[in-house]
Amino acid sequence: MRDSSPVPPRAAQLSRRAALGLAAAVPLAAASPASAATPVIGGERLARAGVQVRAAAGLPKRLTARSWLVADHQSGEVLASYHAHTHLAPASTLKMLFADTVLKNFERTERHRVTDADLADIPEGSSMVGVKPGITYTVEQLWLGVFLRSGNDAVHVLSHMNGGLARTVAQMQAKAQDLQALDTHVVSPDGFDHKGQVSSAYDLTLFARHGLAEADFRAYCHTKTANFPAGGKKTFQIQNTDRLLTGAWGVPTYDGLIGVKNGYTSNAGNTFTGAATRGGRTLLVTVMHPKSGGSGVYEETAALLDWGFKEGAKARSVGTLVDPLSEGGASADPTRKAAKAAAGAPATAADGGGSSSWGLVGGAGGAVALLAGGAYAWRRRRRVLGDETPDGRQDRHDGQDRDDGQQHHDGQERQERHQG
């Protein structure tokens, strides 16, 4: 079923050029800090340079990512972070926002016969699931193509079903605003490299947390393999490209992993947001632009998940994942005092809180069932001003409680094809 909610006429009339070409003048390969003129969501410490962690030891020492974040899924407490609001190219992790925006607009069983127009304007070098004109697909099959193979062809078909690329981009940007994902600028629905298309570890984690509240989102991101139509009665098998879920390319599967979404472009390098449940607790981890290619993004994600499950219970919150505005999320104006604190003033001892736990449910299957029935115990949220350094160094910062001395990556992005 289509979403009948109105779209502002200006947004609805955006041309393809406007949707895919008129972006903010932000160099895509550069990490852009949240400036003093931009509100920083989630708490003052998330605006600071360097590793942010309180009352917990043992963070992995060889992290190379330019940005990362570990958060408790239920409480929304950020347990540790590094440049959480730095603006970076998101690659196909942006498809989480696409799903947050479009997933509920159609029934799973709805059918669509694909036309040539549906597949026009897909960027050259895109990851593809193999959608063909003239074949009729169910919406469920198209979403499996999005989540498992990161298929830009499936994204474009769903976008055309949703009223077109421009309308979908406008809706995604509006959804990001509602989620208070203010680091995100959407240029295309598929996450492919476009000038000005950026997000952050904080925003990607918001997208994952919001999506996991929906049963279809959870089911799709947790699916390892599926049969995809090839025409007539023929099908071919597709496999999820999330190596922590499938164990592909020699990466050990992560016990209790739920999903969520991986991505790769020549500009973004590797990005990944993962969720896992162990011992009744669900954690979210986002890793962006690690120096190590290939499976490095999964290795660093697994290391941060391991830390979160082992030491995270001791960690005191350094920030919070905020509620959507449409669900009662607070949207307080930044203050001069908050701006000063975000620029590097020492943290106070008043920052609080351990992390909430889930009921005891083990393994990935239990995690999915647990998420299906669990209600969020959302915590307080704050919106503050602040600056971040754009160079990605994991230096010691005067206002932080601990820095485990991870290494900086400012290397060149590889000019290779989009791998999803």
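Predicted model: local features only at pLDDT ≥ 70, side-chain atom pairs only at ≥ 80, totals over all residues.
Two residues are in contact when heavy atoms of one lie within 4.5 Å of heavy atoms of the other.

The chain contains 12 helices and 13 strands. Among contacts between residues at least 6 apart in sequence, 75% join residues at least 24 apart. Further values for the chain are set out below.

| Property of the chain | Value |
|---|---|
| Buried residues, out of 420 residues | 60% |
| Accessible surface | about 16100 Å² |
| Part of the accessible surface belonging to carbon and sulfur atoms | 51% |

Helix α4 spans residues 139-149, and because eight of its 11 residues are buried, the helix is largely enclosed by the rest of the structure. The buried residues of α4 are Val-139, Leu-142, Trp-143, Leu-144, Gly-145, Val-146, Phe-147 and Leu-148. Just after the helix, Ser-150 takes a positive phi of about 55°.

In soluble globular proteins, nonpolar side chains tend to be buried together. In this model, the largest nonpolar core has 61 residues, and those that touch the most other members are Val-131, Trp-143, Phe-147, Tyr-202 and Phe-217. Helix α4 gives the most to this core, with seven residues.

Leaving aside its neighbours within four places in sequence, Trp-143 is in contact with Phe-98, Ala-99, Val-102, Leu-103, Leu-158 and Tyr-220. A second, separate core holds 29 residues, including Leu-63, Trp-68, Leu-283 and Leu-305.

Terms used: Residues numbered from 1 in each chain as written. Heavy atoms only, no water. Buried < 20%, exposed > 50% of the residue type's maximum accessible area, 1.4 Å probe, protein only. Helix = DSSP H or I, 4+ residues; strand = E, 2+ residues; numbered from the N terminus. Areas by Shrake-Rupley, 256 points an atom, 1.4 Å probe, with all protein chains shown as cover. Core = buried A, V, L, I, M, F, W, Y, C linked by side-chain atoms within 4.5 Å.
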